[in-house]
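Please look over the sequence and the structure before reading on.

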Amino acid sequence: MAEGMKLLSQDEHVKVYDTGERVPCRDCGSAIPVKLTVMPCMGEMKAFTGKHEICDECSAKYSRQEEDRIHRERVAKLYDASWLGPRFMDTSFDNWNKRPELDKKSVQKLEMAYQVCRSYAKGFRDAKLLGQGLILMGGPGAGKTHMVAAIANELISQLTPVIFRPVPFMLKRIQATYKKNAAETEDMLMSQLTGCDLLILDDVGAEKWSEWVEATLFTIIDERYRQLLPVIITTNCDLKELEAAIGSRNFDRLIEVCRFVDIDVPSYRIAKATGKEVSS
Ligand SMILES: Nc1ncnc2c1ncn2[C@@H]1O[C@H](COP(=O)(O)OP(=O)(O)OP(=O)(O)O)[C@@H](O)[C@H]1O
Ligand SMILES: [Mg+2]
Ligand SMILES: [Zn+2]
């Protein structure tokens, strides 16, 4: 039966021929060769080349689409767990405005901050090995959270677990675990904070100092310091105020392992509201 047909492959048990017949791919319509498989011990059978009558190209396309879907699902889960929330979902280095309306000094400051944060995200693998983080300092609306969200989104898109926590809210959630019948336990919240690849603490120093605040932050910062796990913080405070707000032991550790990023420029929120903002 296989006489005159082109032999495509053979081994000890199976010979595969091209029958010369063609069927259209269900998706793109291209011709799929119908093959004849001959197994001397079992006889002959015809088989389509592509799975479910789709050609190899379409089959590969579906595998890639499936991989993309799985990737997107994982990214969405990591994003959810990060607590960044809907506002910063699409925040990236690409939608960062260089703010040409500002004075030269502020434009340079922003450019420097942008470069440092961007390089940090790109070289995160090295930063992680060394346990290195960043301290972004600047007034309200300067773009600190935007910058750290851009870092987080870039890393999350590569499936790196990042946890983002506005500190006042994080502390309230921890306090809530002390209540009777609390839904969460302190251990649950702490293990997220101490175990992730990158922890971003937003608005450090917005909470007034207390012994409890200092001790709670110390549990997190010291554990990550010892495990060489990086922390990024953003703050409205200057150095003195930061030390006073978090206590010298926390402050000391952070300044050892974090690079300063000065992003103290006029508020973008105000620039937008007053129509001063110019797109770059
Ligand atoms: N250079 C910029 N380009 C584009 N958007 C910006 C820029 N700077 C800030 N924004 C946007 O302005 C808003 C305020 O910025 P952001 O939240 O990052 O400020 P912040 O420094 O964290 O302020 P705060 O100390 O009050 O938390 C956000 O919506 C942010 O995306
Ligand atoms: Mg902020
Ligand atoms: Zn096809």
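Lysine 35 lies in strand S3, which spans residues 31-39. The model is predicted.

**Lysine 35**
- Lysine 35 counts as partly exposed because its relative accessibility is 23%, and buried would require under 20%.
- Aspartate 18 is 17 residues away from lysine 35 in sequence, yet the two C-alpha atoms are 4.7 Å apart in space.

**Helix H7**
- Helix H7 runs over residues 211-226 and has 16 residues.
- From its first C-alpha to its last, H7 reaches 22 Å, close to the 22 Å expected at 1.5 Å a residue.
- H7 also has a kink of about 25°, centred on phenylalanine 218.
- Phenylalanine 218 is itself one of the buried residues of H7, and others include Val213, Glu214, Leu217, Ile221 and Arg224.
- The buried residues of H7 pack against helices H5 (167-176), H6 (186-195), H8 (239-246) and H9, and against strands S7 (198-202) and S8 (231-235).
- After H7 comes leucine 228, which has a positive phi near 55°.

**Isoleucine 255 and the surface patch**
- Isoleucine 255 is part of helix H9, residues 248-257.
- With 33% relative accessibility, isoleucine 255 counts as partly exposed.
- Together with Leu239 and Phe260, Ile255 forms a nonpolar patch on the surface.
- The accessible area of Leu239, Ile255 and Phe260 together is about 230 Å².

Notes. Residues are numbered from 1 along each chain as its sequence is written. Chains are lettered from A and ligands numbered from 1 in the order in which they are written. This is a predicted model: local features need pLDDT of at least 70, side-chain atom pairs count only at pLDDT 80 or more; totals for chains, interfaces and linings use all residues. Side-chain values use heavy atoms; hydrogens and water are left out. Patches are made of residues with over 30% relative accessible area and no salt bridge: like charges are joined within 9 Å, nonpolar side chains (Val, Leu, Ile, Met, Phe, Trp, Tyr) within 5 Å. Accessible areas come from the Shrake-Rupley method with a 1.4 Å probe; for residues, only the protein chains shown count as cover. A salt bridge is a side-chain nitrogen of Lys or Arg within 4 Å of a carboxyl oxygen of Asp or Glu. Helices (H or I, at least four residues) and strands (E, at least two) are DSSP runs, numbered from the N terminus. Buried means under 20% relative accessible area, exposed over 50%, partly exposed in between (1.4 Å probe, protein chains only). The expected span of a helix is 1.5 Å times one less than its number of residues. The bend at a residue is the angle between axes fitted to the seven residues ending there and the seven starting there. Contact means heavy atoms within 4.5 Å.
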